[in-house]
Amino acid sequence: MQLEHAIVLVTGAAGFLGSSISERLLADPSVEEVVGLDAFLDYYPRDRKEANLAPLRADRRFRFVEANLLDADLPALLGAVDGVFHQAAQAGVRASWGASFAIYTDCNILATQRLLEACRAARTRVVYASSSSIYGETRKIPMHEDDLPQPVSPYGVSKLAAEHLCVLYTKNFGVPTVSLRYFTVYGPRQRPDMAFHKFIRAAIEGRPIEIYGDGEQTRDFTFVSDAVDANLAAMERGRPGAVYNIGGGSRVSVNEVLATLGELLGRPLDIRNMARAQGDVTHTYADTTRARGEIGFAPRVA
């Protein structure tokens, strides 16, 4: 689907990725309209999300709808929409255990199924935000899309279930879906519960930095602008039913991250090692060969 003269819906538009994608779309004068939808779930404060929306609201081509996918009038919302960037979800690996899992089944699985049903009727193209959490703990590095998914957190299970739904709706009803497995996206507007945000805020305020485990765990860190590029490329060139790894190629340890932060601040950090959290994996690293070959994805930020 070409974005020129398109009307696009972004779910989770007040969030980290959703607002970043919306901003990039509005920077393209050929995009006709961006409809942003968000339910303002209380996972983190609303004022942060309102700040994300502020520059978008200033553009006359942006229309915001406050609604939850679980009860929104999706057929009416999708009436003139050409494509959907489905970023809305309940985030967080560590918060997904216990009674909280009901939120994840509702917001990540049921909400996605309702959206796909509406897109089935409207024949709307969907780019879905999945996660590297679906791989779980594996010794096979780098991770490839055809590897057996073995999530080790309820959050990972919910993202994988929604990913499977996308494939099912493509195969059975011809809904053109594409799923992107994000690998540790970071950058401006990052949620306050995410590692870089927590580390930097604690360092600036002179508080101890708490890390889970020994800090030797590694992540394939992906800058937000590269994740946005991947979404636009997937909307325009993604193969229906396909799944793509989206990683920045910057696999480093948490200890390396903290050493860099200390260098930037010019002083030692007060680092406290905590017990390893349930659901955390030791290493992630994306094989992005498929994304490079099929949608031309090439991260530009080291």
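**Salt bridges and helix contacts**

At 26% relative accessibility, Asp-193 counts as partly exposed, and its side chain meets that of Arg-191 in a salt bridge with an N to O distance of 2.8 Å. Arg-191, by contrast, is buried, having a relative accessible area of 17%. The model is predicted, and it holds 20 salt bridges.

- Arg-276 forms a salt bridge with Glu-137, with the closest N and O atoms 3.2 Å apart.
- Because Arg-276 sits in the loop between strand 12 and helix 9 while Glu-137 sits in the loop between strand 5 and helix 5, this pair ties together parts that are 139 residues apart in sequence.
- Arg-276 is partly exposed at 48% relative accessibility, and Glu-137 is likewise partly exposed at 36%.
- Arg-290 and Asp-146 meet through their side chains in a further salt bridge, at 3.1 Å from N to O, which links helix 9 to the loop between strand 5 and helix 5 across 144 residues.
- Asp-146 counts as exposed, with a relative accessibility of 59%.

**Helix contacts**

- The axes of helix 1 (residues 16-26) and helix 7 (residues 224-237) come within 10 Å and cross at roughly 65 degrees, so the two helices are roughly perpendicular to each other.
- Helix 1 passes helix 7 in a right-handed crossing, and the residues of this contact comprise 8 nonpolar, 3 polar and 2 charged.
- Helix 6 (residues 195-204) and helix 8 (residues 254-265) have axes that come within 11 Å and cross at roughly 35 degrees.
- In this contact, Phe-196, Phe-199, Ile-200 and Ala-203 of helix 6 meet residues of helix 8 including Val-257 and Leu-261, and the contact has 9 nonpolar, no polar and no charged residues.

Key
Residues are numbered from 1 along each chain as its sequence is written. This is a predicted model: local features need pLDDT of at least 70, side-chain atom pairs count only at pLDDT 80 or more; totals for chains, interfaces and linings use all residues. Side-chain values use heavy atoms; hydrogens and water are left out. Axes are lines fitted to C-alpha atoms, for helices over the stretch in contact, and angles run from 0 to 180 degrees between N-to-C directions. Helices (H or I, at least four residues) and strands (E, at least two) are DSSP runs, numbered from the N terminus. Angles under 35 degrees count as roughly parallel, over 145 as roughly antiparallel, 65 to 115 as roughly perpendicular and the rest as oblique. A crossing is left-handed if the near helix is turned anticlockwise from the far one by less than a right angle, and right-handed if clockwise. Ala, Val, Leu, Ile, Met, Phe, Trp, Tyr, Cys and Pro count as nonpolar, Asp, Glu, Lys and Arg as charged, and the others, Gly among them, as polar. Contact means heavy atoms within 4.5 Å. A salt bridge is a side-chain nitrogen of Lys or Arg within 4 Å of a carboxyl oxygen of Asp or Glu. Buried means under 20% relative accessible area, exposed over 50%, partly exposed in between (1.4 Å probe, protein chains only).
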